[in-house]
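Reader: I'm new to this one and would like to know what the labels rest on. Could you take me through them?

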Amino acid sequence: MELARFVEQVEHRQFPVVWPGQWVSGRWLPAKKGATQRASVNPNTGTTLVVVDTDRGGVAQAAAAAFEARRSFGLTPIAVRLDYLRRFRQALLDHQTVAEAILRIEAGKPHWEARDDFYATVKYL
C-alpha cells in the first residue's frame, strides 16, 4: 500500500484499510495462507478501521529484521542518526493533519487532545 492511498482512505473515512501484510525491511511481506486476521476498531463507533493478516513466520521475520536493523543502526554515526530523526520529525509535521485524524479515529480522542498528543510526540524528536 502506498502512503498516498493510505492518506486518501483516512481522509475520506474509507474503512477498513486492509494492509497487505507487514512492512519489513522496506517491502510488504504478504501473510501466508491461513494467517490470523487482526483488526483495529474505533472505540466510539465499533467501526473496523484496519485489518491486518498476520502469521508466525511474518512476525518472526519482522522481529529478526528489527533486531538486525537495531544492530546496524547502532554502528551509524550519531550525526547521521540525528539527521534521520530530523527528517522523521519533518515527515510527521508534513502529515500532521492525517496523523491527528488517525489519533482521533483510532483512539477516540477529541481534536484538541489529538493535537496535543501530536505536538508532544514531535517535541521529543
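This is a predicted model: local features need pLDDT of at least 70, side-chain atom pairs count only at pLDDT 80 or more; totals for chains, interfaces and linings use all residues.

Reader: What makes up the secondary structure of the protein?
Author: Five helices and five strands. Read along the sequence, the pattern is α-β-β-β-β-β-α-α-α-α. The C-alpha trace spans about 45 × 40 × 20 Å along its principal axes.

Reader: How many aromatic pairs does a search of the whole structure find?
Author: Five. Rings of Phe, Tyr and Trp (its six-membered ring) pair if their centres lie within 6.5 Å; planes under 30 degrees apart are stacked, over 60 edge-to-face, and the rest tilted.

Reader: Why is the pair of Phe6 and Trp19 called stacked?
Author: The ring centres are 5.3 Å apart, and the planes are at 25 degrees, so the pair is stacked. Phe6 belongs to helix H1 (residues 3-11) and Trp19 to strand S1 (residues 17-19), so the pair ties together parts that are 13 residues apart in sequence.

Reader: And why is the pair of Phe118 and Tyr119 called edge-to-face?
Author: Here the centres are 5.6 Å apart and the planes are at 75 degrees, so this pair is edge-to-face.

Reader: Phe6: buried or exposed, and how do you know?
Author: Buried means under 20% relative accessible area, exposed means over 50%, and partly exposed is in between (1.4 Å probe, protein chains only). Phe6 has 14%, so it is buried. Trp19 has 23%, so it is partly exposed.

Reader: What about Phe118 and Tyr119?
Author: Phe118 is at 5% relative accessibility, so it counts as buried. Tyr119 has a relative accessible area of 42%, so it is partly exposed. Across the protein, buried residues make up 22% of the 125 residues.

Reader: Which residues form one aromatic cluster?
Author: Phe6, Trp19, Trp23 and Trp28 do.

Reader: What makes you say that the charged end of Arg81 sits over the ring of Phe73?
Author: A charge sits over a ring if NZ of Lys or CZ of Arg is within 6 Å of the ring centre and within 35 degrees of the ring normal. The charged end of Arg81 is 5.9 Å from the centre of the Phe73 ring and counts as sitting over that ring.

Reader: Why is Ser25 called exposed?
Author: Ser25 is at 65% relative accessibility, so it counts as exposed. You'll find Ser25 in the loop between strand S2 (22-24) and strand S3 (27-29). Ser25 also has a positive phi of about 55 degrees, although it is not a glycine.

Reader: Where does Arg13 lie?
Author: In the loop between H1 and S1. Arg13 is no glycine either, yet its phi is positive, about 55 degrees. Its relative accessible area is 43%, so Arg13 is partly exposed.

Reader: And what is the peptide bond from Phe15 to Pro16 like?
Author: That bond is cis, with omega near 0 degrees. Pro16 is found in the loop between H1 and S1.

Definitions and conventions: Residues are numbered from 1 along each chain as its sequence is written. Side-chain values use heavy atoms; hydrogens and water are left out. Helices (H or I, at least four residues) and strands (E, at least two) are DSSP runs, numbered from the N terminus.
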